[in-house]
Amino acid sequence: MSGGALSDAGVPGIGLVGCGIISQCLLEGAELAGIPIRAVCDVDRGKAARTAQRVGAYVRETYEELLADPEIQAVIIALPNDAHYLAALKALDAGKHVFCEKPLTTSAAQSLEVARRAETSGLVFQMGYMKRFNPAFSAVKQRLHQIAPVTTASFRLTVSGDPVLEGPGREPSSWHADIERAGGGFLVHSGSHLLDLMMFYFGLPEAVWGSLRRDASGNEYANSFMFRFPDGLHVSLQMVQTRARGLGYAGSTWEEIVEVNGVNGRLAAQGADWMGKVPPRASFHPADGEGPRELFTFWESQWAEEMKAFVTGIAEGRCLGSTAADGYRVDYVLEQLKRLENESGLLELRYEL
Ligand SMILES: NC(=O)c1ccc[n+]([C@@H]2O[C@H](COP(=O)([O-])OP(=O)(O)OC[C@H]3O[C@@H](n4cnc5c(N)ncnc54)[C@H](O)[C@@H]3O)[C@@H](O)[C@H]2O)c1
């Protein structure tokens with residue numbers, strides 16, 4: 001059986017590469033969706049052993065060993081950002097379908113290379129932009145046609161950190177706080193999601209202006225941008241780390257708000273944490289004069305939905321989430337935004353894919 005084919009049961013043998021923080025969310029999603037994980041690996045053997053025990057998988061010593069395993073047809077790459085590039089290329093070379101955590105890599109050039117390889121591989125390559133599967137943000141996407149034409153839109157994220165303005169909020173020894181290894185700070189960790197969502201809703205922006213501010217460690221703690229789309233639509237993106245506490249409807253440390261206005265109404269979605277443990281909200285304010293309508297009553301796990309999409313996509317031979325090309329486009333825009341420190345000149349966006 002070739003690496004890209006499904007196993008007899010129709011569910012691919014899935015291997016998990018990296019057993020850290022995000023893998024716990026992905027494993028929870030796989031479990032909820034009834035998707036087995038066959039093998040795991042991590043350079044931290046204790047983590048690998050504990051994870052394997054939790055999900056009933058076996059351990060491979062290295063990810064190269066896992067990629068050589070004929071029982072494995074698909075891999076989840078949940079490694080530090082600077083390890084995605086090589087792991088993704090090796091996985092594609094080994095003929096495995098890939099689910100890769102965001103960002104795709106730490107540079108637009110590397111992401112372009114991976115995306116091009118993914119496109120010609122015939123394999124499914126899905127990015128870990130799970131907000132597309134969040135019930136609130138996906139409900140907005142599904143209703144955009146009902147308020148069309150869209151007139152304005154905004155994406156806002158406010159996060160309280162302690163200590164704030166001193167890095168992405170993790171212990172200094174972690175790769176998360178290492179701007180070089182992560183490819184950036186708050187803008188990359190969290191802004192990448194908002195850019196993916198913006199492109200999911202409206203396609204590719206053609207220009208951007210605005211500003212970002214960095215603290216002494218290089219973390220982009222305050223970001224304010226305006227994107228222009230080919231049809232003339234302008235969309236704003238604001239994201240800030242602040243000392244403010246008790247944010248949003250849940251009084252938490254995280255407030256994410258998306259608002260889209262159209263000639264025929266308004267759509268709004270809100271989130272109160274990145275893990276989706278606090279139920280998100282979405283509402284539709286139609287132009288017909290009736291009051292706002294809540295957009296969903298049953299709250300599905302974004303992690304289960306994205307894992308289901310990965311496996312269903314493999315069965316259908318197409319990516320049902322954010323593609324490697326989408327991952328490249330986000331990384332390209334991120335690279336351009338980093339040029340906007342303390343300036344507000346217009347940048348034209350020219351994608352190579
Ligand atoms: N989708 C989201 O909202 C979201 C949230 C958090 C993290 N992430 C992404 O998930 C990825 C992992 O982040 P995390 O927070 O889980 O980090 P983490 O540090 O908790 O986990 C990474 C794991 O990879 C292991 N590792 C490192 N190099 C390895 C190698 N060569 N072979 C095998 N294992 C190796 C580490 O020991 C660690 O256990 C990152 O790309 C991050 O950006 C996404």
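Visitor: Which helix gives the largest share of the shell around the ligand, and what makes a stretch count as a helix?
Guide: The largest share, 3 residues, comes from helix 1 (residues 21–33). A stretch counts as a helix if it is a DSSP run of H or I with at least four residues, while a strand is a run of E with at least two; both are numbered from the N terminus. This is a predicted model, in which local features need pLDDT of at least 70 and side-chain atom pairs count only at pLDDT 80 or more, whereas totals for chains, interfaces and linings use all residues. Residues are numbered from 1 along each chain as its sequence is written.

Visitor: How many residues surround the ligand, and what makes a residue near?
Guide: There are 23 residues around the ligand, and the closest are G18, G20, I21, I22 and E101. A residue is near a molecule or strand if its C-beta atom, placed from the backbone, lies within 6 Å of it. By class, this shell has 13 nonpolar, 5 polar and 5 charged residues. Here Ala, Val, Leu, Ile, Met, Phe, Trp, Tyr, Cys and Pro count as nonpolar, Asp, Glu, Lys and Arg as charged, and the others, Gly among them, as polar.

Visitor: How do you know what confidence the predictor has in the protein chain?
Guide: The mean pLDDT is 93, and 93% of the residues reach 70 or more, where pLDDT is the predictor's confidence in each residue, from 0 to 100. Over residues 1–8, however, the pLDDT is below 50. Where pLDDT is low, the predicted coordinates should not be read in detail.

Visitor: Why are helix 1 and helix 9 called roughly perpendicular?
Guide: Their axes come within 7 Å and cross at roughly 70 degrees. Axes are lines fitted to C-alpha atoms, for helices over the stretch in contact, and angles run from 0 to 180 degrees between N-to-C directions. Angles under 35 degrees count as roughly parallel, over 145 as roughly antiparallel, 65 to 115 as roughly perpendicular and the rest as oblique. Helix 1 and helix 9 are therefore classed as roughly perpendicular.

Visitor: Which residues of helix 1 and helix 9 meet, and what makes a contact?
Guide: C25, L26, E28, G29, A30, L32 and A33 of helix 1 meet W303, A304, E306, M307 and K308 of helix 9. Two residues are in contact if their C-beta atoms, placed from the backbone, lie within 7 Å. This contact has 8 nonpolar, 1 polar and 3 charged residues.

Visitor: Where is P103, and what kind of peptide bond joins K102 to it?
Guide: P103 lies in the loop between strand 5 (97–100) and helix 5 (108–121). The bond is cis, with omega about -10 degrees.
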